[in-house]
Amino acid sequence: MRKTRGKRRGTATTPRQPDHKVAIIGAGFGGLGVGIGLLGKGIDDFVILERADGVGGTWLANSYPDVAVDVPGIIYQFSFEKNPNWSRTFPKGAEVRAYIEGLVEKYQLDAHLRFGHDVVAREWDEDNQWWNLSIAGAGTLTAKYVVTALGAFVEPRTPDIEGLETFEGKVIQTQRWDHEYDFTGKRVAVIGTGATSVQLVPQLAQMGEHLDVYQRRAIWVFAKPDFPIPAVVRTAFGFAPILQSLIRGVVAAAVEVGLVGVTVYGKQVAPLTLIPNWACRAFLFTQVRDRALRKKLTPNYGFGCKRPSVSNIYYKTYTRDDVELVTDPIARVTPTGIETRDGIHRPIDVLVTATGFEMSQSPEPFRRRPVRGRDGFDLADFYENNRAKAYEGVCMPQLPNHFMVFGPFAWSGSSWHVMVENAIRIITRLIGETERRGATSVAVSERANDEFFEFISERGKETLMHGKACIGANSYYIDKHGDFGFLRPTTAYQSTKASKTFPLSDFDFGFGPRSDISAKTGKSGVQASGVEKLADQQA
C-alpha cells in the first residue's frame, strides 16, 4: 500500500485529507472502467483495490476448460474501446483477459492498482467526511469516495451437502481450477448444470474415464453460432470502426429482444415466449433422440425465467456411453463417492463443484465484510430486512460518497458493459459536481430513491418472472423479497438515457458533519444557498 499517512495531517487552516480521493474496490471490468472514466474527467487521485493477484475479476477466477463469453464478443466490450480483433464470435477466456490487460496498458492503470488488498470492512466517518476501509493484514486506508465494483457474483458457493468434507478424493471448484491435475483414467462427478457446466461438461467428458453430472434443474440451451471471424472482416473493423459500431448495434438489439424482451415483457406477450421455447426443444431433439433423456434435459419452467445458454455440444455429450445424467437428489457425499436418495452409490475420484456464487445483493457477503454508513446503517441488515432500493442501481441514501457499479436494478441484461458505462456516467458526474461545489458529501435523497424504486418495481410486476411459467425456476433474477432486483426490468436504451439525464436535484450535497450542519441550519440536511440553487437549475 502506498504510504500516504502524511497527507492526512492538517493544520489550523488546512483540514486533514484522506489517503485518496477515490477508492475503487475490484479490478474487473467495472473497476477498470470507473478508473478510465475518472481519468477522462481529470481525476487521477484514485486506487483500485483488488484482493487477487491480477486484473480481470471473474475472468481471472474462472479459467476452467473452454471458458468463453456466452454472448457475442462484439457486444462484450466497452463502446469507447472496441476490439476489432476478436478471433471468433464468442471469444474464449484468454482473449477476454488479453482485452482486459490491454485496457490497463493503454490507460496506464498500473500505477493505480493495488493487488492483494482485500477490503474486509467499509465504514463512513461522519466527522471526517470520508470512508475508512479496512484492508486484511494492511491496516486502514481512507478515501473521500468509494466505488464498489464487485460484480454480481461475490464468493464461490460451496454446496450444502452432507458429508462433503469427508470425501477422500480430489475436490475442484470451477472458480479455482487446478490446471495441474490429470483427469486421465479418473471417474469424475460434476454438481450443477448452470452456464459454467454447459461449457465445462463436454470437456470433462473427454478428459476422464467416466463422468456423472448431477442436475437439480435443467437449463435452456440453444445452438451456438460460433465461428472464426475472417481476417478480412477484422481488417475492415480496424480501418472502419463505424462498421463495427453498426454491427454492434444490430447484435445488441437482437440479444436484447431475445433475452431481455422475453424476460421483461414476456408476461404481456406470452404467446411470443413460446417461440424460443420451441426452438430450444427442436434443437434438443436434433441432439438427443432418446425420449427419456430428452425429458430429463428439458426444463420444467419457461424460457427466459433463468438465464439460458448456448452450446453446440452440451446436449450431445449426454449421449456418450461414458456420461450419465443423474437427476435423483443427492443424499450425501461419502469418502469414496456420491449417494443419491434412491440408494444408489456412484464411486468417483474427482468432485467438481459448479454451484455458482453468492449474490452481491444478499446479506451473507456483507456479514463477513461489513458496510456501515450514516446513522447506524448496516448493509447486511438492510438486505436482510428490507426491499433493496438503489437509485439507478448506483446510490443509496444512507451511504454518502458511495457508489455501486452493480447494485439492485442496475443490469439491463443485454450487455454487462452497457451497465458499467451507465454507472461510470453517473459516478463521474456526481463526483465532479461535488468537487465543483466544494461539498464534502453527496447522497441520493430518500424521495428520489423511493420514486425510482416505485417506477422500477411497478415494471417488475409485469415481467415474465412473475408469471406461472416461472414458478419452478428458482431464478436468481428474483431476490428474497420477491423483487426483480438482479435484473433491471427496462430496456438498455431507457437505462442509458436515465444515466445521461438524471437531475442533480435528486441529490443532497453536504458541507460538513451533520452535527455542524444541524447547529447552523436547525435541520439534519443541508440548506442550499442561492448560488447552489442556481447551479441546480443550470444543471
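Q: A crossing of two helices is left-handed if the near helix is turned anticlockwise from the far one by less than a right angle, and right-handed if clockwise. In this predicted model, is the crossing of helix 12 and helix 14 left-handed or right-handed?
A: The model is predicted. Helix 12 and helix 14 (residues 492-501) pack with their axes 8 Å apart. Where helix 12 passes helix 14, the crossing is left-handed.

Q: Are helix 12 and helix 14 roughly parallel or roughly antiparallel?
A: The axes of helix 12 and helix 14 make an angle of about 15°. Angles under 35 degrees count as roughly parallel. Helix 12 and helix 14 are therefore roughly parallel.

Q: Which residues of helix 14 meet helix 12?
A: On the helix 12 side, the contact involves Val418, Asn422, Arg425 and Ile426. Their partners in helix 14 are Ala492, Ser495, Thr496, Ser499 and Lys500.

Q: Helix 12 spans residues 416-437 and holds Gly432; is Gly432 buried, partly exposed or exposed?
A: Gly432 has a relative accessibility of 32%. Buried means under 20% and exposed means over 50%. The value for Gly432 falls in between, so the residue counts as partly exposed.

Q: What distance separates the C-alpha atoms of Gly432 and Lys41?
A: Gly432 belongs to helix 12. Along the chain, Gly432 and Lys41 are 391 residues apart. In the model, their C-alpha atoms are separated by 7.7 Å.

Q: At what angle do helix 1 and helix 3 pack?
A: Helix 1 covers residues 29-40 and helix 3 covers residues 93-106. Phe29, Leu32 and Ile36 of helix 1 meet Val96, Tyr99, Ile100, Leu103 and Val104 of helix 3. Helix 1 passes helix 3 in a left-handed crossing. Their axes are 10 Å apart, and the packing angle is about 25°.

Q: Is Phe409 buried or exposed?
A: Phe409 lies in the loop between strand 20 (402-404) and helix 12. Its phi is positive, about 65°, although Phe409 is not a glycine. Most residues other than glycine have a negative phi. The relative accessibility of Phe409 is 2%, so this residue counts as buried.

Q: Is Asp375 buried or exposed?
A: Asp375 is placed in the loop between strand 19 (371-372) and helix 11 (379-385). Asp375 also has a positive phi, of about 55°, without being a glycine. Its relative accessible area is 65%, and the cut-off for exposed is over 50%. Asp375 is therefore exposed.

Q: What percentage of the residues in the protein is buried?
A: The secondary structure comes to 16 helices and 22 strands. Of the 539 residues in the protein, the buried share is 54%.

Definitions and conventions:
Residues numbered from 1 in each chain as written. Predicted model: local features only at pLDDT ≥ 70, side-chain atom pairs only at ≥ 80, totals over all residues. Heavy atoms only, no water. Axes fitted to C-alpha atoms, helices over the stretch in contact; angles between N-to-C directions. Helix = DSSP H or I, 4+ residues; strand = E, 2+ residues; numbered from the N terminus. Contact = heavy atoms within 4.5 Å. Buried < 20%, exposed > 50% of the residue type's maximum accessible area, 1.4 Å probe, protein only. Parallel < 35°, antiparallel > 145°, perpendicular 65-115°, else oblique.
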